[in-house]
Amino acid sequence: MRTMEFSIENNGHMLTIGQYVNVKEYVTNGLYSYMIEHAIGMSSPYRIYERLKTRRGKVLEVKKTDKFNIAVLGFEEE
């Protein structure tokens, strides 16, 4: 299982552990980033060889830091 971190604002209450969510892929200057649908959270940019092979992930963890909250999603990739 591949894990990715998504920064989330004060909308972490919209995610629960074990919940499945869809992500959308965006391309900017050859880098790929992902947004949890309904603008809940955004990933950092990834190179082409790091692209996701699936668009559905499972919420594994929601954690808080001093700057922002982070949602950790797991993706089943073959």
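Leaving out residues within four places in sequence, Val21 contacts Leu15, Ile36, Arg55, Arg56, Gly57, Val59 and Leu73, where contact means heavy atoms within 4.5 Å. This is a predicted model, in which local features need pLDDT of at least 70 and side-chain atom pairs count only at pLDDT 80 or more, while totals for chains, interfaces and linings use all residues. Residues are numbered from 1 along each chain as its sequence is written, and side-chain values use heavy atoms, with hydrogens and water left out.

Val21 belongs to strand β2; strands (E, at least two residues) and helices (H or I, at least four) are DSSP runs numbered from the N terminus. Its relative accessible area is 8%, so Val21 is buried. Buried means under 20% relative accessible area, exposed over 50%, and partly exposed in between, with a 1.4 Å probe and protein chains only. One of the contacts of Val21 is Arg55; the two are 34 residues apart in sequence, with 8.4 Å between their C-alpha atoms.

The strands can now be followed around the fold. Two strands count as paired if DSSP finds at least two bridges between them.

Strand β2 covers residues 20-28 and is joined to β5 by 3 bridges, the two running antiparallel. On β3, β2 pairs over 6 bridges, again in the antiparallel sense. Within this pairing, Val27 has Tyr32 of β3 as its bridge partner. The two strands form a hairpin with 2 residues between them, and Asn29 in the turn has a positive phi of about 50°. Phe6 has its bridge partner in β6, namely Ala71.

Ile8 also lies in strand β1. Ile8 counts as buried, because its relative accessibility is 1%. Apart from neighbours within four places in sequence, Ile8 is in contact with Leu15, Ile40, Gly41, Val62, Phe68, Asn69, Ile70 and Ala71. Ile8 and Leu60 are 52 residues apart in sequence, and their C-alpha atoms are 14 Å apart.

The interior comes next. A nonpolar core is a set of buried Ala, Val, Leu, Ile, Met, Phe, Trp, Tyr and Cys residues joined through side-chain atoms within 4.5 Å. The largest such core has 16 residues, of which Phe6, Leu15, Val23, Tyr34, Ile36 and Leu73 touch the most other members. Strands β1, β2, β3 and β6 each supply at least two residues of this core.

The structure holds 2 aromatic pairs. Rings of Phe, Tyr and Trp (its six-membered ring) pair if their centres lie within 6.5 Å; planes under 30 degrees apart count as stacked, over 60 as edge-to-face and the rest as tilted. The ring centres of Phe6 and Phe75 are 6.5 Å apart and the planes stand at 45°, so this pair is tilted. It links distant parts of the chain, Phe6 being in strand β1 (residues 2-8) and Phe75 in strand β6 (residues 69-75), 69 residues apart. Both Phe6 and Phe75 are buried.

Tyr34 and Tyr46 form another tilted pair, 6.4 Å from centre to centre and with 55° between the planes. Tyr34 is in strand β3 (residues 31-36), whereas Tyr46 is in the loop between β4 (41-43) and β5 (56-64), 12 residues apart. Tyr34 is buried because its relative accessibility is 0%, and Tyr46 is buried with a relative accessible area of 14%. Beyond four places in sequence, Tyr34 touches residues including Met4, Phe6, Val23, Tyr46, Leu52 and Arg55. Over the ring of Tyr46 sits the charged end of Arg2, 5.5 Å from the ring centre; the criterion is NZ of Lys or CZ of Arg within 6 Å of the ring centre and within 35 degrees of the ring normal.

Ser33 is likewise placed in strand β3. With a relative accessible area of 11%, Ser33 is buried. Not counting residues up to four places away in sequence, Ser33 touches Lys24, Glu25, Tyr26, Met42, Ser43, Ser44 and Pro45.
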